[in-house]
Amino acid sequence: MAVVGQAADELVTIDGKYLRLITDLPSSESHQDLVDSFDQAVPLWLDYWGRDGVSVDGWRMTGYLMQSKANFQKRGLIPSSLPEFLNGFQAGDKLWVNQQASQYYTTHLLLHEGAHGIAEKLFGGAGPPWYMEGTAEFLATHVRTDDGLKVGIIPADRESSPYWGRLGLIATRRSEGKMPTLETVMRYGDTAHREVEPYAWSWAASVLLEAYPEYRQPFRAAATGGADASPQFTRQFFESLRSQWPIVVSRWQLLCNDLDYGFDVTQNRVLLDSTIPKLAGKTVTMKLAAAQGWQSAPVQVRNRQRILIRATGRIQLHDDPTWTSEPDGVTITYHRGQPLGCVLACVIPSNLPADRYLPKLKIVNVGSNGEIISPCEGWLLFKVNDTPSSISDNHGSFDLQIDAASG
């Protein structure tokens, strides 16, 4: 660490392999932690995009961590050509970050701008706003473990990611019924990210497209066209998934409905099949696994169809043999207003209407003996009610019997 001066308005410089950090904050171990986090992130970013270290030989960014912008402006370290930015900005091999109220969020912003910088180095740019900001958010959302830094994670809880706030924004819009469609997110313009909320939805889009192996490869491969920030980039990406798009957007609706701290991506993958038959007069049965999120019945349903469900069996919750549940749930503990362990049902449209916002997902507690009237034609889904972070700790399954009501 080289100390340029000790006066309040003078600067400290910390050199790492991939980052030179210059700050007007008092000398602190946290500065070295920031540089170390950046240096640990670079190999993770290279691996994410399938590149090796040779591709960044000799590359290093200069980062300005600012308590007072005026300190940097008077030294000519913030070019007048830079636009006004909310928390951070990147241009070429330089980045600027405003000091935040938590070390986590300061690190996140430094990594976010660094992800932009390495994308520009590798691909000549990072694509249009939804892709540029979504991938940067994904590659900056991190956790420190005994094995080192990990990126591309969903924070376990609010305490582990203070002031980041993306999941809080999503929860607010969910309660208001104002969750954007995936197409809305992919149409964000150049000025959308002057506000915080578009970062949350761009990140969520990256979470979705990373969660499913069939989307992951085309999503990452799209970065090679990063020099093109025009709508053509998005059109080409859409074409790579055109045949799967009805399922993509249905999974988006389910993700937005459930995404929360500790969300387990693997346990919440939803299998949807457009070729399964419609529910008719024959009784259909299925197993409902307690350790999995939404699960599709082996039939689709018609608009306004009345469906009868009977559930039997017993499951174990949270790796605790004393916590067992029948299909009606455990009424001493609730999640989103419904008993833990109860059987929930919903119908996802097979063709979502083109709109700015997602339609509200109607979820019904069918318990051991219930019914649902389908609000549309689509997939009939079930799950055991539980918090997103606890699903993988459950054991066992319920037996479901599904019938179309006569008359």
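Is Arg336 buried, or is it partly exposed? The model is a predicted one, and in it Arg336 is partly exposed, because its relative accessible area of 43% falls between the limits of 20% and 50%. To find this residue, select the loop between β14 (330-335) and β15 (338-340). Its backbone also deserves attention: phi of Arg336 is near 50°, a positive value in a residue other than glycine. Most residues other than glycine have a negative phi.

Next, select Arg304, in the loop between β10 (295-301) and β11. Arg304 is not a glycine, yet its phi is positive, at about 65°. With a relative accessible area of 58%, Arg304 is exposed, because the value is over 50%.

To view one residue pair, select Arg310 together with Gln401 of β20, its bridge partner. Strands of a sheet pair through backbone hydrogen bonds.

Finally, display the sheet to which these strands belong. Four strands form an open sheet with antiparallel pairing, in the order β9-β20-β11-β18. The edges are β9 (284-289) and β18 (369-373); each has a single partner strand, so one side of each is left without a neighbour in the sheet.

Methods. Residues are numbered from 1 along each chain as its sequence is written. This is a predicted model: local features need pLDDT of at least 70, side-chain atom pairs count only at pLDDT 80 or more; totals for chains, interfaces and linings use all residues. Side-chain values use heavy atoms; hydrogens and water are left out. Two strands pair if DSSP finds at least two bridges between them. Helices (H or I, at least four residues) and strands (E, at least two) are DSSP runs, numbered from the N terminus. Buried means under 20% relative accessible area, exposed over 50%, partly exposed in between (1.4 Å probe, protein chains only).
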